[in-house]
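Hi there,

Here is the structure I promised to pass on to you. Have a look at it first, and then read on for my notes.

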Amino acid sequence: MRGRRCCDGFIEAIGPADVIQKQFSEATFEERIDCSGKCILPGLVDAHTHPVWAGERVHEFVMKLAGATYMDIHQAGGGINFTVERTRQASEEELFRSLQQRLQCMLRAGTTLVECKSGYGLALKEELKMLRVIERARRELPVGISATYCGAHAVPRGKTALEAADDIISNHLPKLKELGRNGEMHIDNIDVFCEEGVFDLDSTRRILQSGKEMGLQINFHGDELHPMRAAELGAELGARAVSHLEEVSDAGITAMAAAGCCAVLLPTTAYMLRLKQPRARKMLDEGVIVALGSDFNPNAYCFSMPMVMHLACVNMRMSMPEALAAATINAAYALGKSHTHGSLEVGKQGDFIVINASRWEHLIYQFGGHHELIEYVIVKGKVIYKK
Ligand SMILES: N=CN[C@@H](CCC(=O)O)C(=O)O
Ligand SMILES: [Zn+2]
């Protein structure tokens with residue numbers, strides 16, 4: 001917009017078309033979009049993804065369809081460890097190019113802010129490679145990024161969980177702190193895969209506590225395959241969010257509600273791995289802030305938050321308004337960004353999507369139909385995608 005005060009990518013006003021037209025009659029705009037008969041929604045926020053990796057795992061999908069569990073494959077050296085090997089072999093440029101393509105697919109499906117984890121490097125040098133790729137994307141690409149250090153995604157070969165935790169606390173985190181101080185890298189969150197056979201509760205606590213002390217928001221994987229009391233730990237540590245929670249306890253739900261600790265639910269994973277569904281209804285009824293994520297990773301290959309919302313409604317019994325809130329303002333809350341993102345309000349960042357339907361619910365109802373429905377994706381007031 002030119003000709004009068006410009007908010008530079010932020011929402012200037014909201015109201016009926018005739019009022020807005022009068023208010024801005026003197027102004028000139030780079031582009032005007034006629035949205036008559038269409039819906040405008042906030043840009044979708046994906047609160048949990050692992051988008052930087054090399055080497056596909058379609059062969060594991062075959063194994064899972066034949067009955068293998070996630071942990072069967074993990075313990076046989078597949079899963080995360082398989083991806084770690086391939087990611088270590090890949091160049092930074094290759095990783096950036098594939099990340100760019102993946103983020104483009106997410107944008108195309110309406111995501112304008114996405115959490116991106118490291119975690120397929122494990123060793124410091126390799127984790128730094130992944131984090132530099134995420135940092136480059138944060139600086140160069142139009143989509144908003146919340147960066148997460150997830151060096152405790154698996155226990156590296158040749159180390160115990162205790163040794164890996166010590167290495168992270170004594171070597172990884174100080175290095176990240178230094179890079180943050182120099183302005184070389186901006187990391188928002190710290191994550192740990194708290195799970196039987198991965199990081200136990202004590203190692204998880206030590207790593208997360210150290211991350212918090214250096215100013216990172218705690219946002220970690222917990223209570224996915226086994227009940228670990230991760231939700232209780234998240235509440236105790238003042239975590240922003242805990243993800244997965246298929247096996248959360250009643251006490252964990254109560255503690256998360258009291259602590260304002262957000263539950264990031266991942267419908268694709270529960271669906272893909274045929275896990276029991278997280279108890280979204282109980283969480284919502286008890287006052288937990290519920291967000292959604294695609295969990296995009298080589299195990300759950302899904303870019304689409306509209307499909308995630310659909311699964312949340314059908315499999316977790318969320319209503320469509322609950323799913324939309326979980327994929328916008330609550331997901332922004334999980335990333336500590338609900339003051340600037342996640343809703344259409346004056347002064348917030350101008351991130352939104354235009355859908356060609358007279359009712360917004362079509363975006364959830366038409367399973368897999370978002371490519372047809374989404375006409376524009378706008379980030380900071382600029383058209384990033386036009387159908
Ligand atoms: N559960 C741990 N991490 C990922 C899976 C990562 C992988 O299998 O590569 C998740 O959130 O689903
Ligand atoms: Zn994950």
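Below are my notes on the cysteines and on a set of paired strands.

Please keep in mind that this is a predicted model.

Cysteines first. A search through the whole structure turns up zero disulfides. A disulfide is a covalent bond between the sulfur atoms of two cysteines. By the cut-off used here, the two sulfurs must lie within 2.5 Å. For Cys 116, the closest cysteine sulfur belongs to Cys 150 and is 12 Å away, so the pair is too far apart for a bond.

Now the strands. Strand 11 covers residues 374-379 and is mostly covered, with six of its six residues buried. What does strand 11 pair with? Strand 10 (residues 352-355) runs antiparallel to strand 11, and four bridges join them. Strand 12 (residues 382-386) is also antiparallel to strand 11, again with four bridges.

Ile 378 in strand 11 is the bridge partner of Phe 352, and Val 383 in strand 12 is the bridge partner of Ile 378.

Finally, the turn: strand 11 and strand 12 form a hairpin with two residues between them. Lys 380, in that turn, has a positive phi of about 50°.

Note on methods
Residues are numbered from 1 along each chain as its sequence is written. Chains are lettered from A and ligands numbered from 1 in the order in which they are written. This is a predicted model: local features need pLDDT of at least 70, side-chain atom pairs count only at pLDDT 80 or more; totals for chains, interfaces and linings use all residues. Side-chain values use heavy atoms; hydrogens and water are left out. Buried means under 20% relative accessible area, exposed over 50%, partly exposed in between (1.4 Å probe, protein chains only). Two strands pair if DSSP finds at least two bridges between them.
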